[in-house]
Amino acid sequence: MVERLVLVGFMASGKSTVGPLVARRLGWGFVDMDGRIEARVGRSIARIFAELGESTFREEERRVAAEVAELKDHVVAAGGGAFAFAETRELLRAGALTIWLRCDLDTLLQRLPADGIRPLAGNRETIGPLLAERERSYALADGVVDASLPPESVAQRVVERMREGGKDR
Ligand code: S3P
């Protein structure tokens, strides 16, 4: 039995919305990596990027991945970039079932507000190329669920995938 379920996928694929729904169904805890990073650093993600730089953010992300790797019976919402960094990805994969919440570009663009809260979503032009690049790492997850559906349906499918043993590959 896996000790953790880690949801990966692009910004706005629904990880932080679906994660608590899955956790409730399983009777598990829920942890949002970005929330943990903000609490550790004492600044918002936008401020960490603007004031400390992306590389500091990625270091913190790796530390938080190491922390959550100690948790049992938890659903983890990873940040959209976490799986693209090999060391962070391996920390997230160990002992966990990893599920990619896959969503098409048009749906993501509709969901992603250009409000500056997500530093890497400010420029609409770069979202498509970034998604294409990131998909190569998300494809390393154990399973994939269509995340363009309503959150409760996505959560249901994630739980089913887990009960089936989860591994598509
Ligand atoms: C990022 C995604 C964000 C957050 C940060 C960087 C990325 O998380 O970790 O802004 O590199 O794709 P969400 O996927 O929760 O928006």
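Student: Leaving aside its neighbours within four places in sequence, with which residues is Gly79 in contact?

Tutor: The model is a predicted one, in which local features need pLDDT of at least 70 and side-chain atom pairs count only at pLDDT 80 or more, while totals for chains, interfaces and linings use all residues. Residues are numbered from 1 along each chain as its sequence is written, and side-chain values use heavy atoms, with hydrogens and water left out. Contact means heavy atoms within 4.5 Å. Once neighbours within four places in sequence are set aside, Gly79 is in contact with Lys15, Met33, Asp34 and Glu61.

Student: Is Gly79 buried or exposed?

Tutor: Gly79 is found in the loop between β3 and α5 (86-93); such helices (H or I, at least four residues) and strands (E, at least two) are DSSP runs, numbered from the N terminus. Buried means under 20% relative accessible area, exposed over 50%, and partly exposed in between (1.4 Å probe, protein chains only). With a relative accessible area of 6%, Gly79 is therefore buried.

Student: What distance separates the C-alpha atoms of Gly79 and Phe10?

Tutor: Along the chain, Gly79 and Phe10 are 69 residues apart.

Student: Where is Gly14 found, and which residues is it in contact with beyond four places in sequence?

Tutor: Gly14 is found in the loop between β1 and α1, and Gly14 is buried because its relative accessible area is 17%. Leaving aside neighbours within four places in sequence, Gly14 is in contact with Gly19, Leu101 and Arg111.

Student: What is the phi of Ala12 near?

Tutor: Most residues other than glycine have a negative phi. Ala12 is found in the loop between β1 (4-8) and α1 (15-26), and at 12% relative accessibility Ala12 counts as buried. The phi of Ala12 is positive, in a residue other than glycine, and is near 70°.

Student: Does Asp73 count as buried or partly exposed?

Tutor: Asp73 is found in the loop between α4 and β3 (74-77). Asp73 is a residue other than glycine with a positive phi, near 55°. Its relative accessibility is 41%, so Asp73 counts as partly exposed.

Student: At what angle do helix α3 and helix α4 pack?

Tutor: Axes are lines fitted to C-alpha atoms, for helices over the stretch in contact, and angles run from 0 to 180 degrees between N-to-C directions. Angles under 35 degrees count as roughly parallel, over 145 as roughly antiparallel, 65 to 115 as roughly perpendicular and the rest as oblique. Helices α3 and α4 are therefore oblique to each other. The axes of α3 (residues 45-52) and α4 (residues 54-68) lie 7 Å apart, and the packing angle is about 130°.

Student: Which classes of residue make up the contact of α3 with α4?

Tutor: Ile45, Ile48, Phe49 and Leu52 in α3 meet Glu54, Thr56, Phe57 and Arg58 in α4. By class (nonpolar: Ala, Val, Leu, Ile, Met, Phe, Trp, Tyr, Cys and Pro; charged: Asp, Glu, Lys and Arg; polar: the others, Gly among them), the contact has five nonpolar, one polar and two charged residues.

Student: How many aromatic pairs are there?

Tutor: Rings of Phe, Tyr and Trp (its six-membered ring) pair if their centres lie within 6.5 Å; planes under 30 degrees apart count as stacked, over 60 as edge-to-face and the rest as tilted. By this rule, the number of aromatic pairs is two.

Student: Why is the pair of Phe49 and Phe57 tilted?

Tutor: Phe49 counts as buried at 16% relative accessibility, and Phe57 is buried with a relative accessible area of 4%. Their ring centres are 4.9 Å apart, and the pair is tilted because the planes stand at 40°.

Student: What is the angle between the planes of Trp100 and Tyr138?

Tutor: Trp100 and Tyr138 form a tilted aromatic pair, 5.9 Å centre to centre, and the angle between the planes is 45°. The pair links distant parts of the chain, 38 residues apart: Trp100 in strand β4 (residues 96-102) and Tyr138 in helix α7 (residues 124-138). Trp100 is buried with a relative accessible area of 6%, and Tyr138 is buried with 1%. The plane angle asked for is thus 45°.

Student: Which residues touch the most other members of the largest nonpolar core?

Tutor: A nonpolar core is a set of buried Ala, Val, Leu, Ile, Met, Phe, Trp, Tyr and Cys residues joined through side-chain atoms within 4.5 Å. Beyond four places in sequence, Val158 is in contact with Leu5, Leu7, Val22, Ile99, Leu101 and Val145. Of the 52 residues in the largest core, those that touch the most other members are Leu5, Phe10, Val22, Leu92, Leu101 and Val158.
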